[in-house]
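Hi,

Here is the structure I promised to pass on. Have it open while you read, and my notes on it follow below.

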Amino acid sequence: MIGDANSRPSWFIQVIFTAITFLSCGGRAYGGFTSTFIRSEWPSVDIPFDNEAFAVPKGHNAPQQVHITQGDYDGKAVIVSWVTTDAPGLSKVHFGTSRERYTLSAEGTVTNYTFHNYKSGYIHHCLLESLKYDTKYYYKIGEGDSSREFWFQTPPKIGPDAPYKFGIIGDMGQTYNSLSTLEHYMHSGAQSVLFVGDLSYADRYQYDDVGLRWDTWGRFVEKSAAYQPWIWSAGNHEIEYMPYMGEVIPFKSYLYRYATPYLASRSSSPLWYAIRRASAHIIVLSSYSPFVKYTPQWRWLREEFKRVDREKTPWLIVLMHVPIYNSNDAHFMEGESMRSVFERWFVLNKVDVIFAGHVHAYERSYRISNIHYNVSTGDRYPVPDESAPVYITVGDGGNQEGLAGRFRDPQPDYSAFREASYGHSTLEIKNRTHALYHWNRNDDGKKVATDSFVLYNQYWATNARRRKLKKKHYLTSLVDDVPIFSFWVVRLEKANHLSVVKRQKTVRVPEQYQIKPHPTTPRLLLLPPRQTQRYESRKRFLVLEPQELKLMPHN
């Protein structure tokens, strides 16, 4: 079941508008929703170099482009990264739990690189280890009057009911739309960013401007990335294969600038790795590195799934750049090769959700899979699969290439909601069983969720585990007034009356709400994305548009 957890007046109304599945009689069902929203026109051009969004900090050799990421497997370490432009300076971080009282320090490393004729500043990476969970740390970098101070909060201790709120951003770039996304996100209350690739879009430039646009992007995101960890993954715009400039080493700028804790998860490459944070196990994959059978990434992922412990980290999240399921004309089926290799593992391990970017629009899928198809036999269409992940594309961060506004028509069965707008998402984990997901378009205020639902944990959703939890009183309360149900079948029994059948038990809809049925509708099916099912045409379900459902107060 899904519903808007912020809706106090009636969770049931939100369930109807967010989770309805439309099924037609005598034809193939297309159950999703394509938004007709027309976004405001903002220039999809990069912000000029001299804009205050890229302001250089004051002081000689002052640290800039400051950002942090998780530095170990379990969230007790942080990698602090920054750039100095005039000289290497001191590669050291002073830190502690009180402002301006830095009782601890750590030594870092410094390096730089060239890209064509561009020479980077001095890039520092410093690992802060043995941190305490759920603690605010202050840190200082730089020397003398040019030193700068920041802070960060460590996550709660690894545990199945540790609450945590992630932001999800992809394909960001550095346009005015990007700025809107960043500012909206910073008001979301999220504690860490899961970034699904395509950072600066510096590869849209040539020669020295490539490196300069990496610098401006580092200063652009600093106001968030210096204070909370951004979990990085690489996209196609990080490859920067430019032989006409003599640059043929893939991911060169990205790998010098953005460190990841790949060794902590026994990975052989910074481009794929895993971390555990609060109650989540997060796996980062590389869409543009070899992943077929026997390759290093394939071998690593096979072993990483064995290390997942859903008793400690029940939420299993995967990040990649290229979406596996996508109904946009842009990049359609580009993720098919990775799907054919990894999808069976995703279903077998009951991954909860997979976030991707690449397509410059937003889309959410139902829980579906296509693991029974092969080149000689099997069902060639994706089918509902309650063990499959929800696939969400958030390649809508704001880059200069603009929006991907051409969705395929009719909308495929696997697509639940899609819209071509800029925005960001949040995933707020409440406990081991429930998380609240929101997608906000930039045109809305920070509190408006355009697409939202309750995500049920795949591991703890089984009846046996839920009964076990009930005995321990884990499920005695609701998540923001959203009741705990596995699925709904809604049936019109009489005029203006609606009954909800849940596992052969009927619950009466609150009397203060009635529904005006379509005059020819004998029944109405309502199911969440995770358990969408096909029904035979003889059961005579009718396709309804949302506006045909008239919700009226009881007289």
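Let's start with a salt bridge: the side chains of arginine 307 and glutamate 304 meet at 2.7 Å, N to O. By salt bridge I mean a side-chain nitrogen of Lys or Arg within 4 Å of a carboxyl oxygen of Asp or Glu. Before going further, note that this is a predicted model, where local features need pLDDT of at least 70 and side-chain atom pairs count only at pLDDT 80 or more, while totals for chains, interfaces and linings use all residues. Residues are numbered from 1 along each chain as its sequence is written, and side-chain values use heavy atoms, with hydrogens and water left out.

Back to that pair. Both residues lie in helix H5 (residues 296-307), 3 residues apart, which is about one turn of the helix. (Helices, H or I with at least four residues, and strands, E with at least two, are DSSP runs numbered from the N terminus.) Glutamate 304 is buried at 0% relative accessibility, whereas arginine 307 is partly exposed at 22%. Buried here means under 20% relative accessible area, exposed means over 50%, and partly exposed is in between, with a 1.4 Å probe and protein chains only. There is also a network of salt bridges linking Arg302, Glu303 and Lys306.

The salt-bridge count comes to 19. One of them joins glutamate 222 and arginine 148, at 2.7 Å, N to O. Glutamate 222 sits in helix H3 (residues 208-225) and arginine 148 in strand E11 (residues 148-153), so this pair ties together parts that are 74 residues apart in sequence. Glutamate 222 is buried at 11% relative accessibility, and arginine 148 is buried at 18%.

Another salt bridge brings arginine 204 and glutamate 401 together at 3.2 Å, N to O. These two are 197 residues apart: arginine 204 is in the loop between strand E13 (192-195) and H3, and glutamate 401 is in the loop between strand E22 (390-394) and strand E23 (415-419). Arginine 204 is partly exposed at 41%, and so is glutamate 401 at 35%.

Now the sheets. An open sheet of 8 strands runs in the order E1-E23-E19-E22-E18-E17-E16-E15, with mixed pairing. (Two strands pair if DSSP finds at least two bridges between them.) Its edge strands are E1 (33-34) and E15 (273-277), each pairing on one side only. E15 is joined to E16 (residues 280-284) by 5 bridges, and the two run antiparallel. Across that pairing, isoleucine 275 stands opposite isoleucine 282 in E16.

E13 pairs with strand E12 (residues 164-169) in the parallel sense over 4 bridges, and valine 193 is the bridge partner of glycine 167. On its way to E14 (residues 230-231), E13 is joined by 2 parallel bridges, with isoleucine 231 as the bridge partner of leucine 194.

Finally, where does glycine 357 sit? Its place is the loop between strand E18 (353-356) and strand E19 (362-365), and glycine 357 is buried at 0% relative accessibility. Histidine 321 is 36 residues away in sequence but 5.0 Å away in space, C-alpha to C-alpha. Leaving aside neighbours within four places in sequence, glycine 357 is in contact (heavy atoms within 4.5 Å) with residues including Asp171, Met320, His321 and Gly395.

Cheers
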